[in-house]
Amino acid sequence: MFCWKMDYWPLLEHPPKGMEIVIVRAENSDRWDPHIIQKLESLKNRTSDESEGKLLVVVLPNSGHWVHVDNPKGLLEIVTPKMVVTPKMVSLS
């Protein structure tokens, strides 16, 4: 069986300037190792400067691993504002 493994910690620890990474964690999911949760929380709570992007970690209440099924309204409330196109994102060239 093929398994592709990538290490995203460098990206999460130092997001590129202008980038916002949003991680949605299901409140009742059994897929998150406590060590990973602790590491994400420490990254979320650190102070970053203007030279880096942002990392947001959001816990979706009343959801298990299938967040889109367990709490679709809550998931939409988290992701919809991030999907809005702003004039800065639109290129007319």
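**Reading the labels on a predicted chain**

Q: What makes the side chains of glutamate 13 and lysine 39 a salt bridge?
A: Their side chains meet at 4.0 Å, N to O. A salt bridge needs a side-chain nitrogen of Lys or Arg within 4 Å of a carboxyl oxygen of Asp or Glu, so the pair qualifies. It links distant parts of the chain, with glutamate 13 in helix 1 and lysine 39 in helix 2, 26 residues apart. This is a predicted model, in which local features need pLDDT of at least 70 and side-chain atom pairs count only at pLDDT 80 or more, while totals for chains, interfaces and linings use all residues. Residues are numbered from 1 along each chain as its sequence is written, and side-chain values use heavy atoms, leaving out hydrogens and water.

Q: Why is glutamate 13 called partly exposed?
A: Glutamate 13 has 25% relative accessibility. Buried means under 20% relative accessible area, exposed over 50%, and partly exposed in between (1.4 Å probe, protein chains only), so glutamate 13 falls in the middle class. Lysine 39, also at 25% relative accessibility, is therefore partly exposed too.

Q: How many salt bridges are found in the whole structure?
A: The search finds five. One of them joins the side chains of arginine 31 and aspartate 30, at 3.4 Å from N to O. Arginine 31 is exposed, because its relative accessible area is 58%. Aspartate 30 counts as exposed at 68% relative accessibility.

Q: What separates glutamate 41 and lysine 44 in helix 2?
A: They are three residues apart, so about one helical turn lies between them. Their side chains meet in a salt bridge at 3.1 Å, N to O. Glutamate 41, with a relative accessible area of 23%, is partly exposed, and lysine 44, at 32%, is also partly exposed. In general, side chains of opposite charge can pair when their charged atoms come close.

Q: What makes serine 29 buried?
A: Its relative accessible area is 16%, so serine 29 is classed as buried. Serine 29 is found in the loop between strand 1 (20-26) and helix 2. Apart from neighbours within four places in sequence, serine 29 is in contact (heavy atoms within 4.5 Å) with Ser63, Gly64 and His65.

Q: What does the side chain of serine 29 reach at 3.1 Å?
A: It reaches the backbone nitrogen of arginine 31. A polar contact is a pair of N or O atoms within 3.5 Å; within protein, one must be able to donate a hydrogen and the other to accept it, and residues adjacent in sequence count only if both atoms are side-chain atoms.

Q: How do you know that tryptophan 66 is exposed?
A: Tryptophan 66 has a relative accessible area of 53%, so the label is exposed. Tryptophan 66 is found in the loop between strand 2 and helix 3. Its C-alpha is 8.4 Å from that of serine 29, although the two are 37 residues apart in sequence.

Q: Where is asparagine 62 found?
A: Asparagine 62 is found in the loop between strand 2 (54-60) and helix 3 (67-70). Its phi is positive, about 55 degrees, although asparagine 62 is not a glycine. With a relative accessible area of 57%, asparagine 62 is exposed.

Q: What makes Met6, Tyr8, Leu11 and Met19 a nonpolar patch?
A: Patches are made of residues with over 30% relative accessible area and no salt bridge; like charges are joined within 9 Å, and nonpolar side chains (Val, Leu, Ile, Met, Phe, Trp, Tyr) within 5 Å. Leucine 11, in helix 1 (residues 9-13), has a relative accessible area of 35%. Together the four have about 390 Å² of accessible area, computed by the Shrake-Rupley method with a 1.4 Å probe; for residues, only the protein chains shown count as cover.

Q: What does the secondary structure of the chain come to?
A: It comes to four helices and two strands, which run α-β-α-β-α-α from the N terminus. Helices (H or I, at least four residues) and strands (E, at least two) are DSSP runs, numbered from the N terminus.

Q: Which element has the lowest mean pLDDT, and which the highest?
A: Helix 2 (residues 34-44) has the lowest, 91, and helix 4 (residues 72-79) the highest, 94. The pLDDT is the predictor's confidence in each residue, from 0 to 100. The chain averages 85, and 86% of the residues score at least 70.
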